[in-house]
Amino acid sequence: MNFTIRQLKVFEAVANHLSFTRAADELYLSQPAVSMQIKQLEESVGLPLFEKLGKKIHLTAAGRELHTYGKAIFRQLDEMEEVMEAQKGLSRGRLDIAVASTVNYFAPRALGAFSRRYPGVRLSLSVNNRKELMRMLDQNEKDLVLMGQPPEALDLEYEEFMDNPLVVIAPPDHPLVGEKHIALQKLAEETFLMREAGSGTRLALERFFQEQALELNCGMELNGGEAIKQAVRAGLGLAVVSAHTIELELETGRLVTLDVEGFPLLKKWFMVHRRGKRLSPSAQAFHDFLLGDGLAEIQKIR
């Protein structure tokens, strides 16, 4: 095969959007120019990369394979650029991380502190559920992932960087507010609002109740921590959340934590990547920052 990086970049844009028009807009090219690049790439590969069904285009089997390799190629090119820049000092580069939704309350402060130390590094942050984080790790899509307990099914390297205590929250007028050492059996009588299936916080809560041989009374299922907090405020049930996510609500009295036996559940946040992955200079700098003196600097930001 004899194709160019430019053709591959055009292909990646079309594959990402599944639209020649949107790819053309992203690349500041005309649609005929995009179509020509794709045609030349298909001729070089010797296989069709897209097929049209109705008004929509889809990747063919060959297109999906090329899309996977294309993303890996561009990651390697970005890494090569960073390595070259690192020879001049970390004045440039790119850091692309993904975090669990609970870590999102911490991540902006971490990136803000890191950016002040390395202002030339471009930052990218995505917030995802556990299932999507596992997919990203499997596909090696991000420099680093910040999450709760890493999945054992994947071959990963990880290091804990921060405590993540899980607490029981209630609205201020709940009958259990003010009680001391609430028994777990009494708590089990309450309705709990739950995160979506696969959420790290939900898994920790379900495992804890199973270990205590208690049945968890699950009420409404909500997708996201903010929705959980709003539902608890509305009196729809109790919930277990990361203590880091409710600082403002506790300060303003919109939510309270309950004094329950066995709580807080002491969990950890981890910095994760695929085993054997060579971290880019920017990723290595962030790794060292978070495990070194950076955490104390981050915790000063409120």
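Me: Which residues is Glu 249 in contact with, once its neighbours within four places in sequence are left aside?

Reply: In this predicted model, Glu 249 is in contact with Lys 229, Arg 254 and Leu 255. Contact here means heavy atoms within 4.5 Å. Glu 249 itself has its place in helix H10, residues 247-252. As for Lys 229, it is 20 residues from Glu 249 along the chain, and their C-alpha atoms are separated by 8.8 Å.

Me: What makes Glu 249 buried?

Reply: Its relative accessible area is 11%. Buried means under 20%, so Glu 249 counts as buried.

Me: Why is Arg 117 called partly exposed?

Reply: Arg 117 has a relative accessible area of 34%. Partly exposed covers what lies between the buried limit of 20% and the exposed limit of 50%, so Arg 117 belongs there. You will find Arg 117 in helix H5, residues 107-117.

Me: Which residues does Arg 117 touch, leaving aside its neighbours within four places in sequence?

Reply: They are Phe 289, Asp 293 and Glu 297. Take Phe 289: from Arg 117 it is 172 residues away in sequence, and 9.4 Å away in space from C-alpha to C-alpha.

Me: How do you know that helix H11 is largely enclosed by the rest of the structure?

Reply: H11 spans residues 281-291, and eight of its eleven residues are buried, so the helix is described as largely enclosed. The buried ones are Pro 281, Ser 282, Ala 283, Ala 285, Phe 286, His 287, Phe 289 and Leu 290.

Me: Why are helices H2 and H3 called roughly perpendicular?

Reply: H2 (residues 20-27) and H3 (residues 31-45) pack at an angle of about 105°, and their axes are 9 Å apart. Angles from 65 to 115 degrees count as roughly perpendicular, so H2 is roughly perpendicular to H3.

Me: Where do H2 and H3 meet?

Reply: On the H2 side the residues are Phe 20, Thr 21 and Ala 24, and on the H3 side they are Gln 31, Val 34, Ser 35 and Ile 38. By class, this contact has four nonpolar, three polar and no charged residues.

Me: What makes a space in this structure a cavity, and how many of 30 Å³ or more are there?

Reply: A cavity is a place where a 1.4 Å probe fits but cannot get out. The search of the whole structure finds two cavities of 30 Å³ or more. The largest cavity holds about 50 Å³ of space. Its lining includes Met 136, Asn 140, Val 145 and Arg 274. E11 gives the largest share of that lining, three residues. Sorted by class, the lining has five nonpolar, two polar and five charged residues.

Me: Which residues line the second largest cavity?

Reply: Leu 193, Met 194, Arg 195, Thr 201, Arg 202, Leu 205 and Val 240 do. Strand E7 (192-195) and helix H8 (200-211) are the elements that give two or more residues to this lining. About 40 Å³ of space lies in this cavity, and its lining divides into four nonpolar, one polar and two charged residues.

Me: What makes a pocket a pocket, and how much space lies in the largest one?

Reply: A pocket is an open set of points, with protein on both sides within 12 Å along at least five of seven lines. The largest pocket has about 830 Å³ of space. It is lined by 27 residues, and the closest to its centre are Lys 71, Phe 74, Arg 75, Asp 78 and Arg 94. Helix H4 provides the largest share of the lining, nine residues. By class, the lining has five nonpolar, six polar and 16 charged residues.

Me: And which residues lie nearest the centre of the second largest pocket?

Reply: Arg 130, Gly 148, Gln 149, Gly 200 and Thr 201 do, out of 31 lining residues. This pocket holds about 530 Å³ of space. Its lining has twelve nonpolar, eleven polar and eight charged residues.

How values were computed. Residues are numbered from 1 along each chain as its sequence is written. This is a predicted model: local features need pLDDT of at least 70, side-chain atom pairs count only at pLDDT 80 or more; totals for chains, interfaces and linings use all residues. Side-chain values use heavy atoms; hydrogens and water are left out. Axes are lines fitted to C-alpha atoms, for helices over the stretch in contact, and angles run from 0 to 180 degrees between N-to-C directions. Helices (H or I, at least four residues) and strands (E, at least two) are DSSP runs, numbered from the N terminus. Angles under 35 degrees count as roughly parallel, over 145 as roughly antiparallel, 65 to 115 as roughly perpendicular and the rest as oblique. Ala, Val, Leu, Ile, Met, Phe, Trp, Tyr, Cys and Pro count as nonpolar, Asp, Glu, Lys and Arg as charged, and the others, Gly among them, as polar. Buried means under 20% relative accessible area, exposed over 50%, partly exposed in between (1.4 Å probe, protein chains only). On a 1 Å grid over the protein atoms alone, a cavity is a set of points where a 1.4 Å probe fits but cannot get out, and a pocket is an open set with protein on both sides within 12 Å along at least five of seven lines; lining residues have an atom within 4 Å of a point. Grid points are joined across faces, edges and corners, and a volume is the space filled by probe spheres set on the points.
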